[in-house]
Structure formats: C-alpha cells, structure tokens
Amino acid sequence: MKKKHNLKRDIPFFIMLLPAMIYLLINSYFPMFGIFIAFKNINYQKGIFGSDWAGFKNFEFLFKTKDAGIMLRNTLGYNVLFIVLGIVLSVTLAIMLNEVGRTFLAKIAQPLIIFPNIISMVIVAYIVFAFLNAQTGFIDKTILKNMPISWYSEPKYWPVILTIVNIWRATGYGSIIYMSSIAGIDAELYEAARVDGATRLQQIFHIMIPLLKPTVVIMVLMAISKIFNSDFGLFYQVPMNSGALYNTTQTIDTYVYRALMELSDIGMSSAASVFQSVVGFVLVLTANKVVAKVDADNRLF
Amino acid sequence: MKNKKRGNEKVFFIVAGVIVALFALFCFMPILLVISASLTDEQALIADGYRFLPSKFSFDAYTYLWRQHLMIGRAYGISLFVSFFGTALGVAITILASYPLSRTSFRWRNLFTFIIFFTMLFNGGVVSSYMVWTRIFHIKNTIWALVFPNYLVGAFNIILVKNYYQNNIPAALVEAAKLDGATEFQIFRKVMVPLSKPVIVTITMFSGLAYWNDWTNGLYYINKKELFSVQLMLNEIQQNVMLLRTANERMGIAVNQADIPSNGVRMAIAIIALLPIMIIFPIIQKELIKGVVIGAVKG
C-alpha cells in the first residue's frame, strides 16, 4: 500500500526527467551500444546489424597502418607539450595578473586575454591565414618580404604554429582557475613573510606557488585523462585540412573524421574512435582515483 | 603606511604590469589584423599584404556584403535560429531535469544522477554517434542536425544546476511550499526557477556560445548550402580558397574563382560572424569567468 503511494508521488519527478533521459539515451547511450560497429565488417547491403562480425580485425588493420603511428605520436606529443606549456604559462600569467591587481591595466587586459577562447575555430583559422598565406599574409609580406614560405604545404612548421595558436587561445582562459586559487590564499601569510623581510618574489616562490600545487596537480591529472583526445578544430581547421601537413597535424580526432567522411572507411574510423573512448574511460577512472588520493574534495565522483 | 610598496616590490609590480600588457597585446593583435584587413582597399591589400592598420582605408568589403546580404543574411538567420532555439530548449530540459535530482525525498535520485553522470565518463565515439543520427534519425541535411547532436543537453550542466538547487535554495522553502499544497511543477516554476537565475544565466551563456561557434555538426551532417550557418559558410569559402591554391600549384583543375570572395570580403564576413560575440562579450565577461571557476571547482 505504502509503496504504491510513493510511486504516485514520484510521477511528477519522472515526467521532469523524461526529456533529458530521452535525449541522453539517443545522444549518449545509443552510441555506446553502437561500439559494436567497430567489431563488424560493415556492408550496407547487409545492413549494420546484418554485417559479418570481424572480431578485432579492424583494430589489427588500423594499427598496422603508418597512419596509426603518426596520429598516436601527434595526439600524445601535442598533449604533453600543451599540458606542460599550459601549466607554466597559465600559472605565470595568473601570478602576474594578481600582482597587477585591480588596476586600470588589469581591467583592460583581462577581457583581451580571455577573448581568443570564445572565438570559433573557423575564425581562428582565418586569423592564422591572415598571417601565413604566401600572397598577402602579414608574415610573408611584411616580415619575410621577398621570400614567402608555403606554410600550408610544409609540415615542419606546424608543431610551432599550432603551439603558438594554442598558447594564444588557451593561456588566458587557463589562468582564470589559478587566479581564483590565488585569491583564496590568506593575505596574512604574505604579510607575515613581509614582516620577516621576504621580497615579493620570495613570497611568490615560497607561499603562492606551494599553495597552488594542489590545483596544478588536479589540472594536470584531468588533462592526462584526456591525453588521447585532441581539439578537433585546432588540428582540422587551423591547418585548413591541408593533406600535405598530415604528418604533423593528424591526430586521432582528425583521422576519425577523414576516415569516416572522406574515405568512407567505417572499419578504420570506428576502430580508432572506439580505441579513443575506451582508453579515455580507463584514464578518467584512474585519474579520479589519483585525485581522490591527492585531494578528496576535488575528486570528480 | 602599511601598504606602501618597498623598492623591490615596485620593480616587481612594473615587471608584472609589462608582462600582462604584452600578453594582452599578443592576444589582441591577431584580431586587429583581421579587422584592419576587412577595412583595407582590396588593391592595397594585395599590394601591401595584411597590415595592423589599413594602408588604404575602405568600406568596400562591407558595402559589398550589404549588397549581397541575401547570401550572408540567410546563413546569419540560420545561426541565430539554431543558437536561440537550441539554447532555449536545452536550458529548459536541463533545469527541469535537475530539480528531481536535487530533491532528497525522490527515491531514485541516485540512480538517475548516476545514469546522467556516466555520460560524462564514457561515450561511444564519433562514428557510432554519426551512425545513430544518420541511420536511425535521418538527420542529415535538415536544420535539426545543427540543433540536436552533441550540444542540446549535457550531463555537466544538469549536475551544475542540481548542485545549485541543493546548495543555494533552502530546503525549508520547498517544504513550506509543499505544506501550502503546491505541486512539484508549481514549486519548480515559482520557487526553483526564480531563485536560480545566476546558474541559469551561466548555462545559457555557455550553451549560446557553443551553438553560435559550432561548425562540426555542420561538417558532419550538412552539405546543402541553403542550410549553412555563418560558421559553415566561412568554412566553405576557406575550403574553396585552399582548393584554388592547390589547383594553381598543380596547374590542372579549374576552380571557378567567382565563387571565392576577395580577401577583404572574406575578412569582413569573419568579422560579421564575430560581431554578436564582440557585442555581448563585455556584458558576459564577468559571468564567463565565474562560470569557469564554478565549472572547474565543482563538476
């Protein structure tokens, strides 16, 4: 009797949850079950469900190709580079912004350094093109003058270009979180150090940075859990999908797109994308375990 | 007297100021370059290249676009519709779903929270998602392809709003409303929504930005030009530019150059696509910073 009453009371709650549950079912759970595609030899005549099972063949083929090595190297390499540079530059910028305090300069500077992050990657690609195109680009025309470089067909420049674009886009945004950590530090700590004669630089190195360490550790762990993911826009849009650059711009995400949409190779693309999500899942769980050990308050779940 | 800076502190203050100023300049200059190019005379642009200040000032690119407003107007309309509709629907579904999860008297709340949260940990990947949307829902080349896949409702936002309800709205308020005979829907509408405006503003802003800036859904699901959003139009123009470049290098394939707007016009379109963001940015700037902090601190 009591149970029935409870269920009736819960009905409005179920109704409220319904639209979100339907959406997540379609957008997230159906694709999870769709992972089986990677284990099939898809043949549209037989349909997706009717196609023959391929076991791990798709994965075997994928990892035998040269592409696999290139995309894994690029995805991991860029991520390691971006994590290290991102931490160093964002923390430095946050400290500097904190020093500048509430001055006029800070009021002008902060919006400017956040702005690149809310621009679409298509427009970022236009901006990069404005610097780098051989005919009219700023770098070619004004700096290099008579010796333009065909940037979009020379893979060797792209690790540097993409890193600069990433610094431009992500540093300011990344510094926000460190600034809020710095704001949480008790001002009396600095005052005490100051009375003892510590210079500002000493206060930063001996008080601020050690107190920022937990935030840094958590940020690094979160980033490591996404180390097999890449910013599709950065690697697809900014190099303008130029085939000549794949050696230094191909990541797992751009490969999945190209294999699916340009080569119609469902076997390879689904193998790469399933590999990415399964490894990602394991890494998120591991990162959370470690975060829970470092600082239980900040664990994800 | 206490806060008077010592000599070394003054030096450090200046050094910090210079570094911040230089970095702000580094962030702003590239955008200035594009603005400047869109305001430069086409001949001057070809002769002198892109400059941070127009070598010969001209509004031609913008007047040209004004005359051609049908092309860009349509794309703009699609971007606006998708951004407004997607954001409104997504936010409504999100704040509605968060409510039961915040009620301790709801017996299934942990189960549902887990079902929602799990989507943040694991996903089926791009390929199976593409198969679901195209093979089951046949969304390809419909405007819904720009609205539904990926962006409509996210677990992260549901949990953010749920936490807000739990931490910022006193449970006693809900209990009092219940005693007055209010239904759950009435409590949601009259108590929760009005009291959770800050978090609703935050998720609305992030959702709106995501929709306006999105081009990946279009890349996967749209190839009919009538359905191009502004970002897709920009993407298409740039792909044609690249095609022309490769064709020129190989001297083989003919690309119709008439399809490609001039340098200045391309930059003007980029600026027009950026315009709504530039306009709302000063207003949302503080919210944006707050949102990043809440998001990172408590997911």
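Chain B of this predicted model has 14 helices and zero strands. Helices here are DSSP runs of H or I with at least four residues, strands are runs of E with at least two, and both are numbered from the N terminus. Read from that terminus, chain B is therefore written as α-α-α-α-α-α-α-α-α-α-α-α-α-α. Chain A, by contrast, has 13 helices and two strands.

A word on conventions. Residues are numbered from 1 along each chain as its sequence is written, while chains are lettered from A and ligands numbered from 1 in the order in which they are written. In this predicted model, local features need pLDDT of at least 70 and side-chain atom pairs count only at pLDDT 80 or more, whereas totals for chains, interfaces and linings use all residues.

I turn to overall dimensions. The C-alpha trace of chain B spans about 75 × 70 × 35 Å along its principal axes; for chain A the spans are about 85 × 80 × 35 Å. The radius of gyration, taken over C-alpha atoms, is judged against a globule rule of 2.2 Å times the number of residues to the power 0.38. For the 299 residues of chain B, a compact globule would come near 19 Å, but the chain has 25 Å. For the 301 residues of chain A, the rule likewise gives a value near 19 Å, against 25 Å in the model.

Finally, contacts, meaning pairs of residues whose C-beta atoms, placed from the backbone, lie within 7 Å. Counting contacts between residues at least 6 apart in sequence, 69% in chain B join residues at least 24 apart; in chain A the share is 68%.

Key: Two residues are in contact if their C-beta atoms, placed from the backbone, lie within 7 Å.
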